[in-house]
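Please look over the sequence and the model shown below before reading on. The report after it goes from the whole chain down to single residues.

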Amino acid sequence: MELDYISARGDRLPLATNELFDLVHVDGMTAAATSIASSTMGGADGDIVNNVHTNPRPIVIDLRVKSGVDVEEAKRAVMRVVKIKQLGTLEWEQSDRTITISGIVESVDMPRWTNAVTMQISMYCSQPYWEDLDFIVQQISEAIDLHWFTDSAAGMLYFPEQGIPLGEYDTIRTKQFHNGGDVASGLEISIVAFDTVTNPIIYDGNGNFLGVGYGDGAKRVQMEAGDNVIITTHKGQKNITLNGKSILAKLRPQSTWLQMEAGDNLFTINSDDDSLTNMTFSLIYKQRYV
């Protein structure tokens with residue numbers, strides 16, 4: 001197992017394999033808790049659940065200076081990287097999977113005027129889930145390759161006089177995606193126009209939708225070839241841009257900030273043009289784990 005702390009500046013401190021200290025214990029690595037708000041009704045048994053949310057995750061790291069190591073040297077090595085009140089990231093690699101979580105350093109407990117050999121770092125992670133190190137990119141309306149090379153004469157691709165296409169776009173607008181994480185993840189949705197696209201809209205398998213633009217008036221959104229709409233559905237980062245300029249005010253009424261739910265997901269894209277070849281659509285996300 002590898003566990004590293006990475007500072008906001010990108011400085012890295014190995015915690016599990018460090019020549020100065022041993023990683024004794026980490027509290028909060030695999031624990032997550034929820035808060036449930038409910039209300040009761042007169043004459044009715046039980047209650048009604050109004051809201052459920054996952055609590056922030058506290059992580060406490062205990063370190064012990066190795067025998068024969070200068071205690072002050074070990075403390076200074078930690079303090080050069082771990083800064084109180086600053087955002088830091090834990091990177092955890094185990095069983096061929098690397099995941100990360102970010103949080104603010106609440107406290108660093110290491111007495112400076114004694115030879116105490118124990119140190120403790122406390123982090124407050126307001127986003128409580130571990131995430132994949134790399135983004136997953138899934139695309140609807142992918143290019144299908146129709147050209148190939150082979151060493152076999154029987155498998156040779158011949159070009160008739162009238163020519164043949166080297167590729168084509170997959171025009172099936174409903175695709176299934178799998179989220180192998182433990183919980184739903186926010187999305188970055190990228191729509192690139194090949195032709196005119198009017199009021200694009202994305203649906204999930206439950207009938208929820210997220211629409212950009214509506215009608216023929218001031219709230220209408222019309223994309224031309226090469227235009228790019230980016231929709232961000234992450235908590236605290238929700239936004240819609242067209243070629244880098246915010247058009248959040250043109251969010252279609254009754255829209256839902258779609259998420260990549262744990263397990264299988266269906267997504268469909270459409271527009272008022274009802275064309276199958278006027279745009280491509282990518283979903284970018286990170287799987288999250290408890």
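The structure is a predicted model, in which local features need pLDDT of at least 70 and side-chain atom pairs count only at pLDDT 80 or more, while totals for chains, interfaces and linings use all residues. Residues are numbered from 1 along each chain as its sequence is written, and side-chain values use heavy atoms, with hydrogens and water left out.

**The chain as a whole**

Of its 290 residues, 37% count as buried; here buried means under 20% relative accessible area, exposed means over 50%, and partly exposed lies in between, with a 1.4 Å probe and protein chains only. The accessible surface of the chain comes to about 16300 Å², and carbon and sulfur atoms account for 50% of that surface; such areas come from the Shrake-Rupley method with a 1.4 Å probe, and for residues only the protein chains shown count as cover. Among contacts (heavy atoms within 4.5 Å) between residues at least 6 apart in sequence, 69% join residues at least 24 apart.

**The helix**

Helix α1 covers residues 71-79, and its buried residues are Val71, Ala74, Lys75, Ala77 and Val78. Seen down the axis of α1, these buried residues fall within an arc of 160°, so they line one face of the helix; the arc is that of the directions from the helix axis to the C-beta atoms. They pack against four strands, namely β2 (12-14), β3 (21-27), β6 (57-65) and β9 (118-125). At the start of α1, a side-chain oxygen of Asp70 comes to within 3.2 Å of the backbone nitrogen of Glu72.

**Salt bridges**

A salt bridge is a side-chain nitrogen of Lys or Arg within 4 Å of a carboxyl oxygen of Asp or Glu, and by this rule the count comes to 6 salt bridges.

| Pair | Closest N and O atoms |
|---|---|
| Asp11 and Arg9 | 2.9 Å |
| Lys66 and Asp22 | 3.9 Å |
| Glu131 and Arg288 | 2.9 Å |

In the salt bridge between Glu131 and Arg288, distant parts of the chain are linked, for Glu131 is in strand β10 (residues 130-132) and Arg288 in strand β25 (residues 288-289), 157 residues apart. Both Glu131 and Arg288 are buried. Lys66 forms its salt bridge with Asp22, and because Lys66 lies in the loop between β6 and α1 while Asp22 is in strand β3, the pair ties together parts that are 44 residues apart in sequence. Lys66 is partly exposed at 28% relative accessibility, and Asp22 is partly exposed at 33%. As for the remaining pair in the table, Asp11 is partly exposed with a relative accessible area of 29%, whereas Arg9 counts as exposed at 65%.

**A buried threonine**

Where does Thr233 lie? Thr233 is found in the loop between β20 (228-232) and β21 (239-242), and with a relative accessible area of 1% this residue is buried. Two polar contacts (pairs of N or O atoms within 3.5 Å; within protein, one must be able to donate a hydrogen and the other to accept it, and residues adjacent in sequence count only if both atoms are side-chain atoms) involve its side chain: the backbone nitrogen of Leu187 is reached at 2.7 Å, and the backbone oxygen of Leu258 lies 2.9 Å from a polar atom of the Thr233 side chain. Leaving aside neighbours within four places in sequence, the residues in contact with Thr233 include Gly186, Ile189, Leu210 and Trp257.

**Two loop residues with positive phi**

Asn199 has a phi near 55°, a positive value in a residue other than glycine, and Gln254 likewise has a positive phi, near 70°. Asn199 lies in the loop between β16 (197-198) and β17 (201-204) and is buried, with a relative accessible area of 0%. Gln254, in the loop between β22 (245-246) and β23 (263-270), is exposed at 69%.
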